[in-house]
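Reader: I would like a close look at one part of this model, with the terms spelled out. Please start with how the chains meet and then go inside one of them.

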Amino acid sequence: MNESVRHKNWDYALTVITVALLGSLGVQSFIGTLYVWWATDTVPGFELIGYSRFVWWMNVIAAPQVVALVVVMGLCVPKRLFDRTLLVAVSGAMLLAGLGAWAFTGSLATGLAVYLALAALIQAAVVVLTVAGARGPSYLTEGRLVKTGSGLLHQGFIGFAFVVVALQRSAFMLPAFWIATALTLVGTLLAFYADRFAFRKRVRVEADRSFAEE
Amino acid sequence: MNPAAIQAELAQLVNTLAAIGAPLQVLMPAVAVVLVALVAVPAWRPLLRAGIGVSAALLLAGELVLVWFHWRLYDLSVVVSPDTGAVTGRVAVPLWVESEKLYVWALALALMAVFIHRHRDELLPGVAVILAVLMVGAALWGKPFTEPLPSFLSQYLGYLQAMASGDPERMFGAYQGMESARQFYYNTVYMWVHPPALFFAYATFAISFVATLVMVRERHSAFETTAYRWARLGYLPLTAGMLLGFPWAIIAWQGESWWWSGKVNMSIMMWLLYTALLHARLYLRRRGMWKWVAALSILAFLVLLLTYLATYIVPGAHSYL
């Protein structure tokens, strides 16, 4: 199997895992909503006592999924920069740093924050290299503006996750939030509508095809 | 401040709105029935575009009436501190709350439907049916002209009555409630940005949903491209609207467990599904992938509908129960 095919399979696997985790969190949200709807009418005193217990359980169930999502997002970031062997090493080092911070401080939030900060640094490098037109970063999409958009919006999401995990009670919460929001929105705009902004249009039009045989 | 005079003027304003808007409110279900008939009878289909144009014009006319109503309401709804007698501000009730939510969604969809260009003939029947449902819902359930803004008017009239009572404790309690609603809800930038961004997104997702159904029927990638174009148009305001809700929620719902409340849950789920959809379609070239993309698109829209309804069904922060 050549490097390009392996890279695409790796990309595909990460995308499937991302979609599965997003779907799983979605299912949890849905079941949680149904439970609150049912419990409010049937469990005596639910709103006074039961609701805080429900929130605790939702956090417990969501935490490993969110951690997995953050880890996958962390893997998606260096995948653009490093070959597979180095990628595993970098990802492992990031995980170890996060786990180390968790073990050292006893706070899962700090561990996640360290992990996200490292992911943000690598993503910043990816964005800079992409803007500079370096050949290193690999993307599923084509065109420098689209790639820059994709890089920026992922940087924005990492930033937002960092705000939620580490900065909710900090004076830096709002500035960091606005920066993350701006990165996400500008990135989404570029990723979706790069052809409208490009000076040199290089749009690859994919041929329409029938799904009847699939 | 003269509470009795304001109350009388408010009553007159509400009556005028009902007099102007009631015919529109009757016309909306009638036009909806015509739209469904135009879809159901193949020979009438060529008139469907005109039917949607009429619907858009009708809804736009109604919206202009509502803008006027809100403008006059802003003039009247003065909030005065019982301590100092000074005016602390006026209530700027946004044009997309309470009785007007379905109306705004219907208006956004109707205006977009007028500008559908790619695959117009295939999309318009489905879009017309959704528009008809929204118009009937807006007229019969929302009643924006005959029963406008029930929560706001009830609270504001209660505040006026308290101010007229002369009872200091009652006056102060009503003032605190009204002033915090003014500062942290009605007049916040958030309330003027978050809901319209979401209703814009909801309208684009409705068209994307119809394009997905056409893709399933026709089994052709061209319709997936159309569905994707409408979905990406909605994803940006959806993301912006939800992100902008975060700092507001931290302040407005301080001390409340809002993160897992029903509406927030469902909204996150909807966003996750549309994010998953936009990721999944990157692999559309893979054999059979279109079925997953179609399933995600349909599921995401069903969850969108549940998200809208959650506000009225599931208790918690962001609930109207």
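How many residues of chain A are in contact with how many residues of chain B?

Author: This is a predicted model, in which local features need pLDDT of at least 70 and side-chain atom pairs count only at pLDDT 80 or more, while totals for chains, interfaces and linings use all residues. Residues are numbered from 1 along each chain as its sequence is written, and chains are lettered from A and ligands numbered from 1 in the order in which they are written.

In the interface, 36 residues of chain A are in contact with 36 residues of chain B; contact requires C-beta atoms, placed from the backbone, to lie within 7 Å. On the chain A side, the elements giving two or more residues are α1 (3–42), α2 (46–79) and α6 (173–197) of chain A. Helices here are DSSP runs of H or I with at least four residues, strands are runs of E with at least two, and both are numbered from the N terminus. α1(A) supplies the largest share of that side, 15 residues. By class, the side of chain A that touches chain B has 19 nonpolar, 14 polar and three charged residues. Nonpolar covers Ala, Val, Leu, Ile, Met, Phe, Trp, Tyr, Cys and Pro; charged covers Asp, Glu, Lys and Arg; the others, Gly among them, are polar.

Now chain B itself. Chain B has 10 helices and two strands, in the order α-α-β-β-α-α-α-α-α-α-α-α from the N terminus. Its C-alpha trace spans about 75 × 45 × 25 Å along the principal axes. Of contacts in chain B between residues at least 6 apart in sequence, 75% join residues at least 24 apart.

The part to look at closely is helix α7(B), with two helices that cross it. The axes of α3(B), residues 101–114, and α7(B), residues 189–218, come within 9 Å and cross at roughly 50°. Axes are lines fitted to C-alpha atoms, for helices over the stretch in contact, with angles from 0 to 180 degrees between N-to-C directions. This makes α3(B) oblique to α7(B), since under 35 degrees is roughly parallel, over 145 roughly antiparallel, 65 to 115 roughly perpendicular, and the rest oblique. Residues making the contact include Trp105(B) and Met112(B) of α3(B), and Phe199(B), Phe200(B) and Ile207(B) of α7(B). That contact has 11 nonpolar, one polar and no charged residues.

The axes of α4(B), residues 120–142, and α7(B) also come within 9 Å, crossing at roughly 130°, which makes α4(B) oblique to α7(B). This crossing is right-handed. Among the residues that meet are Glu122(B), Gly126(B) and Ile130(B) in α4(B), and Ala206(B), Ile207(B) and Val214(B) in α7(B). The contact of α4(B) with α7(B) divides into nine nonpolar, one polar and one charged.

Note on methods: Two residues are in contact if their C-beta atoms, placed from the backbone, lie within 7 Å. A crossing is left-handed if the near helix is turned anticlockwise from the far one by less than a right angle, and right-handed if clockwise.
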